Amino acid sequence: MTVHAVVVGSGIAGLTVALHAIEHGCRVTLVTKDVLEHANTRYAQGGIAGVMFDDDRVEDHIRDTLVAGAGLSDEAAVRVLAEEGPARIRELVDLGVAFDRGDDGAFVKGLEAAHSYPRILHSGGDATGTAIEKALVARLRASDVRVIEHAFLVDLVVRGGRVRGIELLVGEHPDASPAVAGRRETIESDAVVLATGGAGELYAHTTNPSVATGDGIAAALRAGADVRELEFYQFHPTIIGTGDAFLVSEAVRGEGATLIDERGRRFAFDAHPDGELAPRDVVARAIAHRMELQDGRPVFLDATHLYSEDAAERAAFLARRFPTIDAAVRARGLDWAREPIPVTPAAHYLMGGVTTDLDGRTTLPGLYAVGEVARTGVHGANRLASNSLLEGAVFGARAGDAIAIDAADGIWRAPARLSAVAPVSVAPDPNAPAFSRGALQELLWEDAGLVRDEEGLRHAASVLAAWRAAARAPGSEAGFEDENLLVVAERLVAAARARRESVGAHFRRDVPSASAPAAASALTSLTTGAA
């Protein structure tokens with residue numbers, strides 16, 4: 001009997017799972033919340049990390065990843081990532097991804113923070129994610145796969161202790177005139193793969209698209225799957241500080257751009273000896289602290305000294321090397337070849353998620369998770385730059401292979417369940433404001449954002465308890481999204497309260513820890529105003 005696998009999500013992880021499962025003879029249905037091409041993958045600018053050069057070493061990539069993860073990464077998962085990464089990158093090349101090459105035909109090397117070697121490959125300068133998404137979508141459309149677009153994951157179907165399918169809301173178009181309501185649909189399957197991405201919509205400032213509402217994590221929690229380390233949310237340091245949120249890749253700093261305050265002073269070295277190329281969490285907090293000293297005004301990214309002393313030549317270089325960013329900068333009326341541009345931090349990437357083994361299996365038989373929705377153990381407390389696309393490709397391929405293996409012998413394996421951090425009971429805040437998504441986002445940004453403490457986290461927990469206690473009956477996609485955000489927010493805050501130390505992206509000003517990286521300890525004085 002042909003195995004039927006449902007993949008929920010159409011980024012690099014979901015598309016890779018689908019293609020590998022198809023190669024093994026599985027029947028695949030891929031559902032996506034928007035159109036097939038609209039996934040977080042296409043927003044990835046910097047590139048994909050991998051050991052693709054003779055003078056680089058797998059052991060160095062492993063070490064860099066472990067160091068960035070602040071000692072909390074799973075070394076076995078990191079080794080899988082680094083060792084299998086080159087094969088997955090070559091697979092992308094075979095699919096037609098044109099990574100940038102020099103005049104000699106060799107891949108162009110890119111350097112990003114916390115890498116000891118310039119091992120980042122990019123395509124179209126700063127359009128790597130788009131190039132990968134297009135190639136994978138093209139291959140998928142040429143495959144024998146059913147695609148359902150505008151399909152929202154309402155819940156998992158669980159029977160007999162195993163996942164047996166999904167419930168969907170399909171075809172809703174609230175912006176149409178007249179508005180089109182969605183229809184409920186259940187799809188039965190042998191296996192379900194969550195590739196739904198992260199939860200950037202938890203925060204008032206985010207690099208994520210509006211579809212990133214934690215749907216897969218919330219569905220997994222309701223079904224009883226293990227979810228952990230939601231406290232580790234990475235904030236990207238450099239988002240253009242005017243207009244709609246737009247990420248300025250770390251690769252710009254890798255090329256030599258610097259961070260300066262309103263007085264023109266480089267301040268990143270106050271926080272870490274690597275300055276602008278320190279780990280992301282350190283740089284983001286250093287920017288946030290400097291903004292506090294400037295009454296909330298952005299700092300500046302200075303690229304005016306790159307490439308050439310001639311501004312016209314520099315402008316041509318920036319447009320060639322970073323065409324997507326250059327267009328966004330100029331659309332905002334800025335000229336970054338001649339003047340520094342304002343930047344601020346924003347929520348970017350969730351390192352925790354649905355717990356998996358090295359093949360994407362979750363603690364619930366028949367359920368797999370890949371990409372940002374999954375907690376593979378690779379990222380630990382802080383993701384190394386450009387490891388996210390690689391993780392999606394490597395573990396997506398492994399999950400696609402694992403589904404076929406599990407189906408062949410009829411043993412739907414699941415890793416052992418670990419003890420989970422459940423929300424601590426708190427009294428609902430009687431003065432909580434009325435719930436709205438905007439209110440939730442501001443609450444998380446203020447109380448569970450870049451810098452946290454028990455007072456703020458306790459306040460967030462009590463407001464969330466009040467909101468969760470209110471009776472609601474969602475029927476629209478937006479309503480279901482709000483419920484998912486509340487579920488994930490509650491678990492994130494609980495996890496942040498439980499981890500009483502500062503480590504990686506989880507920084508608590510009230511409980512600096514001896515186990516935290518030296519840079520985090522140094523930042524204690526910055527975030528308490530001692531600097």
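**Side-chain contacts and their setting**

Author: The structure holds 53 salt bridges, a salt bridge being a side-chain nitrogen of Lys or Arg within 4 Å of a carboxyl oxygen of Asp or Glu. This is a predicted model, in which local features need pLDDT of at least 70 and side-chain atom pairs count only at pLDDT 80 or more, while totals for chains, interfaces and linings use all residues. Residues are numbered from 1 along each chain as its sequence is written, and side-chain values use heavy atoms, with hydrogens and water left out.

Side chains of opposite charge can pair when their charged atoms come close. E185 lies in strand β8 (residues 183–188) and R146 in strand β5 (residues 145–148), so the pair ties together parts that are 39 residues apart in sequence. Helices (H or I, at least four residues) and strands (E, at least two) are DSSP runs, numbered from the N terminus. E185 counts as buried at 19% relative accessibility, whereas R146 is partly exposed at 44%; buried means under 20% relative accessible area, exposed over 50%, and partly exposed in between (1.4 Å probe, protein chains only).

The side chains of R263 and D261 also meet in a salt bridge, at 3.8 Å, N to O. Here R263 is exposed, at 69% relative accessibility, and D261 is buried, at 3%. In a further salt bridge, R508 and D510 meet at 3.0 Å, N to O. R508 is buried, with 0% relative accessibility, while D510 is partly exposed, with 35%. Salt bridges also build a network that links E84, D357, D359, R361, R398, D406, D409 and R413.

Aromatic contacts come next. A search of the whole structure finds 11 aromatic pairs; rings of Phe, Tyr and Trp (its six-membered ring) pair if their centres lie within 6.5 Å, and planes under 30 degrees apart count as stacked, over 60 as edge-to-face and the rest as tilted. The rings of F152 and F480 have centres 6.0 Å apart and planes at 25 degrees, so this pair is stacked. The pair links distant parts of the chain, with F152 in strand β6 (residues 151–159) and F480 in helix α13 (residues 477–498), 328 residues apart. F152 is buried, at 1% relative accessibility, and F480 is buried, at 12%.

Y203 and W445 form an edge-to-face pair, 6.4 Å centre to centre with 75 degrees between the planes. This pair too links distant parts of the chain: Y203 is in the loop between β9 and α5 (215–223) and W445 in helix α11 (residues 437–447), 242 residues apart. Both Y203 and W445 are buried, and ring pairs link Y203, Y233, F235 and W445 into a cluster.

Rings also receive charges. The charged end of K109 sits over the ring of F53, 4.9 Å from its centre, and R383 lies over the face of Y349, at 4.3 Å from the ring centre. A charge sits over a ring if NZ of Lys or CZ of Arg is within 6 Å of the ring centre and within 35 degrees of the ring normal.
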